[in-house]
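Hi,

Here is the structure I promised to pass on.

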Amino acid sequence: MALTEKTALADYLPVYNSMEWCVDSTNVSNTNFKYVFRVTIEGVGGYKEYQVVPSDTLDYGIVDVHNYIQTFITPYIGEHDDTLTFNYSIFTLRQYSVTCYEMWDIAGVPTVSQESITTGNLYCFQGSFDYSFWFDWTPADYYTNLANGSSGQWLTDNLDNFVGIGDLGWSYYLTDAPSEVDYLEVKTYDSAGALIDTFNISNALNPALSNSRYVKVGTSPEVLNNTTDTLTLGSLPIVTSSVASYTCQLFDSSVAAVSELINFTIKEPCRYQEYRLHFENKYGAFDSYTFTGRNQKTTSMQRTSYKSSAYPIVTAGIERKHKDKSNVSNWTKRTEKIKLSSDYLTTAENTWLEQLLYSNEIYLEFTDGSGAQNFKSVHKVTGTSWLEKETSIDKLFKLEIEIELGHEAYSQRK
């Protein structure tokens, strides 16, 4: 066979890291030989073609397709009033395939051969890993399926969450077997740790769709209490005022766990104004954190002005008044910022929240004019560094940041 795969692409890859495919050919000695790679993406017409000359070493053909595919993948937090417990994370994952052909000159004409080799259907998602994590990435460790059982991992580095009764929030999972995620089990506990109730919420998503391989699951009190998905065990509301904590876990129809537990502790409001942020993590999913410390809103202002030197002429001559201006502000831009302070953190929480600092997709949860929990866009977290902390060394520590909201305001012009 002329074409041979040398390095395969993994079944699931983060699209913001290298996605390299390497093949070999026995025809590289032909005149003007090139490898021809064609990338197709589910739901996208046509294909992207790369014509690659053999590498200087061993004459292999190597293509990295991540730059092309990432233009068709976007983060997706969804709508604030989404009432589905299970929902597609639209365009956060894409199915794609790469096919390699050969091309060389036949009678002076570049000709593509009929023989080819293909990757088959693969998947990539809105993830971005540091080099070491990407190098060690084993997607099968994360699959929520019967093979992994209760070891299937949620797409987050934080499994212990603190939430309020009215908070929004979602957890995300990745699976290679969508039909094996049948329902979400929620168990609620009182302050003594005694079980109050158990609830099962059905997964009504179509397992035949690619989007059912990367799914967002409503796991916050506000989303759970307003779900319109079918409860096969228990009834609404799920998280009541008597609940001190609860757990969420995915199950197959055979009543076998297909994910690890994720934990939620109900936290009572503190004396300060709280601010809850939702931010895209390294897996492309959205994590949430509530800042409960001494938070302060500020507004920065940028102005332009001009100097007025015109004489105030009236019939009687020059008329001056105390209210006359010589310096006139004619344009003011206001940018709302908030200084946020966390509660005391563990080492793990502080490390996890580094992802908030470098995230480019952040939303501030707030109560809108209708009284509903909604999202405001956050332009950025100001500052350029994060500091590692260890409880064994640093004892007590907090995270203090400043966020700049995504909309500016302008005063009336003169």
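By class, how many nonpolar, polar and charged residues does the lining of the largest pocket have? Keep in mind that this is a predicted model. The count comes out at nine nonpolar, eight polar and nine charged residues.

Some more on that pocket. Its volume is about 440 Å³. The lining takes in 26 residues, and Asp167, Gln273, Glu274, Glu365 and Gln373 are the closest to the pocket's centre. The largest share is from β26, with four residues.

Then there's the second largest pocket, which holds about 350 Å³ of space. Here 29 residues make up the lining, and those nearest the centre are Asn161, Phe162, Arg276, Ser288 and Tyr289. Two or more lining residues each come from β12 (160–163), β13 (170–174), β19 (262–266), β21 (286–291) and α4 (347–352). Of these, β21 supplies the largest share, five residues. Sorted by class, the lining of the second largest pocket has ten nonpolar, eleven polar and eight charged residues.

Cheers

How values were computed: Residues numbered from 1 in each chain as written. Predicted model: local features only at pLDDT ≥ 70, side-chain atom pairs only at ≥ 80, totals over all residues. Heavy atoms only, no water. 1 Å grid on protein atoms, 1.4 Å probe; cavity = no way out; pocket = protein on both sides within 12 Å on 5 of 7 lines; lining within 4 Å. Points joined across faces, edges and corners; volume = space filled by probe spheres on them. Nonpolar A, V, L, I, M, F, W, Y, C, P; charged D, E, K, R; others polar.
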